[in-house]
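This briefing is intended for a reader who has the sequence and coordinates at hand. Please consult the structure below before turning to the points that follow.

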Amino acid sequence: MTGGTGFVGSHVVELLIERGYEVNCLVLPGEGPLWLEGSRARLFEGSVTDRRGLGAFLEGCSAIVNIAGLTRAKSEARFMEVNALGAVNLVEAAL
C-alpha cells in the first residue's frame, strides 16, 4: 500500500489488517509511521518516484493499493512525477 501513512490511507490499512491481510506500506524516507504508529503494517522506506527502491516493498505482495498522491505541487512536472509516473513505476516494478 502506498499512501498508508496519511489520514485516508491509514484507515484503509486498518481495515485490511482487521480483515486478516498482511499489509506492506511504503513510507517516504524520513517521514516515519505518522498515522500508522502502533499498526501491525510492515513499513518500507521508499518513494513511488524511485522504481529501484520498490523491490523489497513489493516482495511477496499479491495486490497493490496505490493511494499515494499529491493534491498540489510546486510544478505540474512534480505533480505528474508522483501521481502518474509513480503509478507506472509501481506497475513496472511489480511486473
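The model is predicted. The largest pocket has a volume of about 430 Å³, and the second largest pocket holds about 320 Å³ of space. Helix α3 covers residues 76–94 and bends by about 35° at Leu85. The residues described individually range from buried, such as Thr5 at 8% relative accessible area, to exposed, such as Pro29 at 55%.

**Helix α3**

- Helix α3 has 19 residues, which at 1.5 Å a residue should span 27 Å; the C-alpha atoms at its ends are 26 Å apart, in agreement with that expectation.
- A bend of about 35° is found in α3 at Leu85.
- The buried residues of α3 include Val82, Gly86, Asn89 and Leu90.
- An α-helix has 3.6 residues a turn, so residues three or four places apart point the same way.
- Among the elements that cover the buried residues of α3 is α2, residues 55–58.

**Helix α1 and the segment before it**

- Helix α1 spans residues 7–18 and contains Val8; Ser10 is also found in α1.
- Val8 has a relative accessible area of 55% and is therefore exposed, the cut-off for that class being over 50%.
- Between Val8 and Ala84 the C-alpha to C-alpha distance is 19 Å, with a separation of 76 residues in sequence.
- Ser10 has a relative accessibility of 8% and so counts as buried, a class that requires a value under 20%.
- Thr5 belongs to the segment before α1, and its relative accessible area of 8% makes Thr5 buried.
- Not counting residues up to four places away in sequence, Thr5 touches Val27, Glu31, Gly32, Pro33, Leu34, Trp35 and Leu36.

**Loop between β1 and β2**

- Pro29 lies in the loop between β1 and β2, the latter strand being residues 42–45.
- With a relative accessible area of 55%, Pro29 is exposed.
- Pro29 and Glu45 are 16 residues apart in sequence, and their C-alpha atoms are 5.3 Å apart in space.
- Beyond residues up to four places away in sequence, Pro29 touches Glu45 and Gly46.
- Leu34 is found in the loop between β1 and β2, and its phi is near 45°, a positive value in a residue other than glycine.
- A relative accessible area of 48% makes Leu34 partly exposed.
- Ala41 has its place in the loop between β1 and β2 and, at 11% relative accessibility, counts as buried.
- When neighbours within four places in sequence are left aside, Ala41 is in contact with Val13, Ile17, Val23 and Cys25.
- Ala41 and Ala73 are 32 residues apart in sequence, and the C-alpha to C-alpha distance between them is 28 Å.

**Largest pocket**

- The volume of the largest pocket is about 430 Å³.
- The largest pocket is lined by 23 residues, and the closest to its centre are Gly3, Leu28, Glu31, Ala68 and Gly69.
- Two or more lining residues of the largest pocket come from each of α1, β1 (24–27) and α3.
- Helix α1 gives the most to this lining, with three residues.
- By class, the residues lining the largest pocket are 11 nonpolar, 10 polar and two charged.

**Second largest pocket**

- The second largest pocket contains about 320 Å³ of space.
- Its lining consists of 15 residues, of which Tyr21, Glu22, Val23, Ser62 and Ala63 lie nearest the centre.
- Nine nonpolar, three polar and three charged residues make up the lining of the second largest pocket.
- Val23, one of the residues nearest the centre of the second largest pocket, is also in contact with Ala41.

How values were computed
Residues are numbered from 1 along each chain as its sequence is written. This is a predicted model: local features need pLDDT of at least 70, side-chain atom pairs count only at pLDDT 80 or more; totals for chains, interfaces and linings use all residues. Side-chain values use heavy atoms; hydrogens and water are left out. Helices (H or I, at least four residues) and strands (E, at least two) are DSSP runs, numbered from the N terminus. Buried means under 20% relative accessible area, exposed over 50%, partly exposed in between (1.4 Å probe, protein chains only). The expected span of a helix is 1.5 Å times one less than its number of residues. The bend at a residue is the angle between axes fitted to the seven residues ending there and the seven starting there. Contact means heavy atoms within 4.5 Å. On a 1 Å grid over the protein atoms alone, a cavity is a set of points where a 1.4 Å probe fits but cannot get out, and a pocket is an open set with protein on both sides within 12 Å along at least five of seven lines; lining residues have an atom within 4 Å of a point. Grid points are joined across faces, edges and corners, and a volume is the space filled by probe spheres set on the points. Ala, Val, Leu, Ile, Met, Phe, Trp, Tyr, Cys and Pro count as nonpolar, Asp, Glu, Lys and Arg as charged, and the others, Gly among them, as polar.
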